[in-house]
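Open the model in your viewer and keep the selection tool at hand. We will go from stop to stop, and at each one you can look around before moving on.

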Amino acid sequence: MNLAIETENLGKCYRDVRAVERLSLRVAEGEIYAFLGLNGAGKTTTIRMLLGMIKPTTGYAQVLQTRVRLGNREPWESVGYLVETPHCYAELTVTENLEVARRLHPGTPHEAVGRIIERMGLAEYADRRAGNLSQGNTQRLGLAKALLHSPKLLLLDEPANGLDPAGIVEIRELLLELTREQGVTVFMSSHILAEVSRLAQRIGIIHKGRLLQELNIDELEQNRKKRLLLRARDVVSACQVLIAAGQPAEIQKDGSIELKNAAAVEHPDDINCLLVKAGTPPTQLMVEEEELELYFLRLVGMDGGLQHE
Amino acid sequence: MNNLSDMIWIEWRKAMRSRMPLWTALGSLFMPLGIAFLIFVARNSDISQKLGLISAKANLIAYAATDWPAYLGLTGVIIAAAGFLLFVIIISWVFGREFSDGTVKDLLAVPVPRSSILAAKFLVVAVWAAGLSLIILIAGLITGAVMQLPGGSIGVALQGSVIVAITGFLVIVVVLPFAFFASVGRGYLLPIGVAFLTLIMTNILALAGWGEYFPWAVPGLLAQGKSALTLVSYLIVFLTGMAGVIATYLWWKYADQNR
């Protein structure tokens, strides 16, 4: 398996602040890898180290099998990136900004500018000064600059920032298409698990500079807490029936009964039969998955009182 | 150097699309026109009496520029002092704006050597500053002719113009280190602050008689026709410019870019 990104014990300290610690990542070619963390978790510092903008204090990074060093020219001809808020030359038009980006990537044909303008839905604004663009269109321009030279690897820091829901879906489809049809690798950071879970094949969760967990998207489903919620006309009787049958049932504040054990979650039909036979049939039966945001907050230890109790 | 022409195109386009060329051209025109105005005031006693403090300044300028050689010398001094500040603003904008506008990150992970990107920036600054020096010189020549200054001849104008041109060139060289201050300060404030400090130091050191060893004082001394300047003075100017270019390159190549 060829790796598009490989880091080994990558770390960055600013005096006493450890922005990133002992980060070892492997991102395979053609994969969409989401790097998830709260604000200040170390996502942007990691991306800047991967791009050779910041020198690591410890460890190293390899991008497209090339060791990243400060000020080097390789391997950037095959890398597109968007770091933090996209910025552009406000006095230049959208086309001129892209022409600047084209000339910064020698070998990119002239036609690429027109093509990416069409693809990113910027045709209407092609001759507009970039300083007059909306936040969403500035984000599109930033993505257009990253995609202009048909890179093999995309490093995108919060790519959905500032986009409206239609724009988010559009960018998601575009990234999926790029990986599916052109084998492009995408390494993207985000602080919204629900957003990346629709796109990424693998997710790395970073908190306070440390990689807490790496998981495949199906592992994410398995790891999320599940519970069976049910309602009945006589909640107290139904709960007593379940407890008598050895089920750890609890009555919730909203009057529903909660069962968190795996047997109940995996076989709600058995619970239904049990209650029906006891003469307290359920009026509602529902398996509920822990919300992605709660799962994320639970992982980073910031769930407070939000998690399912 | 690879891709230099593309990088020059980029820098030139950025500069020309901004309002900076217009403002700096107006700023450079203001200097010779201002002097012409003060000489005009000094020559007309009616106006001079009404203007009070301006009149005193006008008399001072008129005293310093009684004929063509003195007037052209004064033009050179203007480039050495006010031109210096104007060129610092230009170099601060060309380098510092990348940081204050957040666009520097788009120049860092690209397959173009940073030396090409920086060389293009320095070249554009040099051409821009040279253009402004030319504007100051031409405007000075025209206003001098309009005022019918005495002692003029083609030879005098040519000799004065050459000194003004050399002064302009030396100012451009001593302004190069301000690219480093704009980069380290990630904007405009540090280089402009250092420029004012440099002007103060220039005056103090020139008065103390050490001006010929202080690179930022050398252009002014040349314009004034001071004979104290030696080859060492010019070497110091050249080394200062080179040090500025090298420091800027090393900073762009090796400093953490976390903004």
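Select B:R114 and show its surroundings: apart from neighbours within four places in sequence, B:R114 is in contact with A:G52, A:G71, B:L108, B:Y249, B:W252 and B:K253, where contact means heavy atoms within 4.5 Å. This is a predicted model, in which local features need pLDDT of at least 70 and side-chain atom pairs count only at pLDDT 80 or more, while totals for chains, interfaces and linings use all residues. Residues are numbered from 1 along each chain as its sequence is written, chains are lettered from A and ligands numbered from 1 in the order in which they are written, and side-chain values use heavy atoms, with hydrogens and water left out.

B:R114 sits in helix α6 (residues 114–146) of chain B; helices (H or I, at least four residues) and strands (E, at least two) are DSSP runs, numbered from the N terminus. Because its relative accessibility is 6%, B:R114 counts as buried (buried is under 20% relative accessible area, exposed over 50%, partly exposed in between, with a 1.4 Å probe and protein chains only). Its side chain reaches the backbone oxygen of B:L108 at 2.9 Å.

Now zoom out to chain B. Chain B has 11 helices and zero strands. Its C-alpha atoms fill a box of roughly 65 × 40 × 35 Å along the principal axes, and 51% of its 259 residues count as buried.

Next, select A:K145 and B:D106. Their side chains meet in a salt bridge of 2.8 Å, N to O (a side-chain nitrogen of Lys or Arg within 4 Å of a carboxyl oxygen of Asp or Glu). This pair crosses between chains, from helix α4 (residues 135–147) of chain A to the loop between α5 (68–100) and α6 of chain B. A:K145 counts as buried, at 13% relative accessibility. Over all chains, the count comes to 29 salt bridges.

Move on to helix α2 of chain A, where A:E99 and A:R102 lie three residues apart, about one turn of the helix. Their side chains form a salt bridge at 2.9 Å, N to O, and both residues are buried.

Then pick A:R224 and A:E289, a salt bridge whose closest N and O atoms are 3.5 Å apart. A:R224 is in the loop between α7 (217–223) and β12 (226–232) and A:E289 in strand β15 (residues 282–289), so the pair ties together parts of chain A that are 65 residues apart in sequence. A:R224 is buried at 11% relative accessibility, whereas A:E289 is partly exposed at 29%.

Last stop: A:D157, in strand β8 (residues 153–157) of chain A. Which side chain of opposite charge is nearest to A:D157? It is A:K43, 6.2 Å away, and the buried A:D157 has no salt bridge (Lys and Arg count as positive, Asp and Glu as negative; His and the chain ends are not counted). Polar contacts (N or O atoms within 3.5 Å; within protein, one must be able to donate a hydrogen and the other to accept it, and residues adjacent in sequence count only if both atoms are side-chain atoms) join the side chain of A:D157 to those of A:T44 at 2.8 Å and A:S189 at 2.5 Å.
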